[in-house]
Amino acid sequence: MIAGVQRKLAMSQKILIVIPARYASTRLPGKPLVKIAGVEMIRRVADIAASICRHNENCSYVVATDDTRITDYCAGAGIPAVMTAETCRSGTERCWDAVSRQAEQPDFIINLQGDNPLCPPWVIQQLIDEWKACPADVFTPCIHLDWAEYDSLVESKKTTPYSGTTVLVDKNGYALAFSKGTIPAIRKPEKAREQLEKSPVRRHVGLYAYTLAALKNYFDLPESDYEKGCVEGLEQMRFLYNGLRVKMVEVTYRGRKSTSGVDSPEDVARVEAILAEYGEFEL
């Protein structure tokens with residue numbers, strides 16, 4: 001009964017997908033306009049957002065940028081865009097800046113980074129579906145690693161120990177802790193492999209969605225010791241530190257390869273290779 005009322009209420013609320021897109025990049029200048037397999041990266045991300053909007057009521061999207069070269073491109077391509085302050089220090093700040101400039105503030109905000117052209121649209125949809133069904137302040141995906149994926153993570157951390165974030169969840173799927181280490185520790189790996197079909201490790205996927213209140217209040221929350229650069233360096237720990245509920249949404253890539261944000265010419269080549277192998281998303 002309660003879940004049904006919550007779903008009905010969510011259907012009448014406004015969803016906004018914000019795409020932060022900063023022009024300056026040391027390793028890839030003007031990267032939102034860099035072409036990937038012949039299509040500008042910001043166009044690719046906007047197309048993903050537009051496809052989500054077509055399948056959800058009261059859903060819209062906007063590119064949030066600090067450069068007129070991007071707004072000019074968006075105007076010509078029919079992509080909604082808004083100029084944000086040059087002082088924004090992160091994608092989260094730029095996301096909130098864009099939200100605060102809206103004539104009608106949304107109830108649910110998805111922060112879709114402009115350098116993430118391989119973000120699966122079904123992952124975004126799962127965040128929306130979970131928001132409609134489950135009370136929380138923040139929604140973010142994770143992947144429950146099988147043993148082969150766990151072994152791959154452990155191997156990669158031998159050379160890049162602080163790449164890849166893992167998360168502990170409670171029985172209802174809410175986050176207990178995030179770490180750049182591999183949590184939980186597996187004290188008896190042989191026995192764990194015998195008893196558990198999958199590893200107990202979940203890898204966090206850095207895509208965030210917030211209720212309006214959670215995003216608005218984020219900047220006034222006390223910073224946790226765990227988000228300092230000399231410790232974990234994870235800004236999402238601020239939510240947990242201050243008692244907000246972070247719902248982890250288990251997702252899969254459905255057999256496709258993926259990659260993190262595009263920050264270099266090598267990343268562009270990597271994304272083009274993935275698209276050549278698996279094809280474009282069906283939007």
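## Where α4 meets a pocket

β1 and α4 each supply at least two residues to the lining of the second largest pocket. Helices here are DSSP runs of H or I with at least four residues, strands are runs of E with at least two, and both are numbered from the N terminus. The model is a predicted one, in which local features need pLDDT of at least 70 and side-chain atom pairs count only at pLDDT 80 or more, while totals for chains, interfaces and linings use all residues. Residues are numbered from 1 along each chain as its sequence is written, and side-chain values use heavy atoms, with hydrogens and water left out.

The second largest pocket has a volume of about 230 Å³. Of its 15 lining residues, Pro20, Ala21, Arg22, Gly91 and Gln113 are the closest to the centre. The lining divides into six nonpolar, four polar and five charged residues. (Ala, Val, Leu, Ile, Met, Phe, Trp, Tyr, Cys and Pro count as nonpolar, Asp, Glu, Lys and Arg as charged, and the others, Gly among them, as polar.)

## A mostly covered helix

Let's look at α4 itself. Spanning residues 91-100, α4 has eight of its ten residues buried, where buried means under 20% relative accessible area with a 1.4 Å probe and protein chains only. The buried residues are Thr92, Glu93, Arg94, Cys95, Trp96, Asp97, Ala98 and Val99. They pack against the strands β1 (15-21), β4 (59-65), β5 (81-83), β6 (108-111) and β11 (208-211), and against helix α8 (212-218); contact here means heavy atoms within 4.5 Å.

## The largest pocket

The largest pocket has a volume of about 1,600 Å³. Among the 45 residues that line this pocket, Arg203, His204, Val205, Gly206 and Ser260 are the closest to its centre. Two or more lining residues come from each of α4, β7 (138-144), α6 (147-156), β10 (202-204) and β11. The largest share, three residues, comes from α6. By type, the lining has 15 nonpolar, 20 polar and ten charged residues.

A pocket is an open set of points on a 1 Å grid over the protein atoms alone, with protein on both sides within 12 Å along at least five of seven lines; a cavity is a set where a 1.4 Å probe fits but cannot get out, and lining residues have an atom within 4 Å of a point. Points are joined across faces, edges and corners, and a volume is the space filled by probe spheres set on them.

How values were computed:
Buried means under 20% relative accessible area, exposed over 50%, partly exposed in between (1.4 Å probe, protein chains only).
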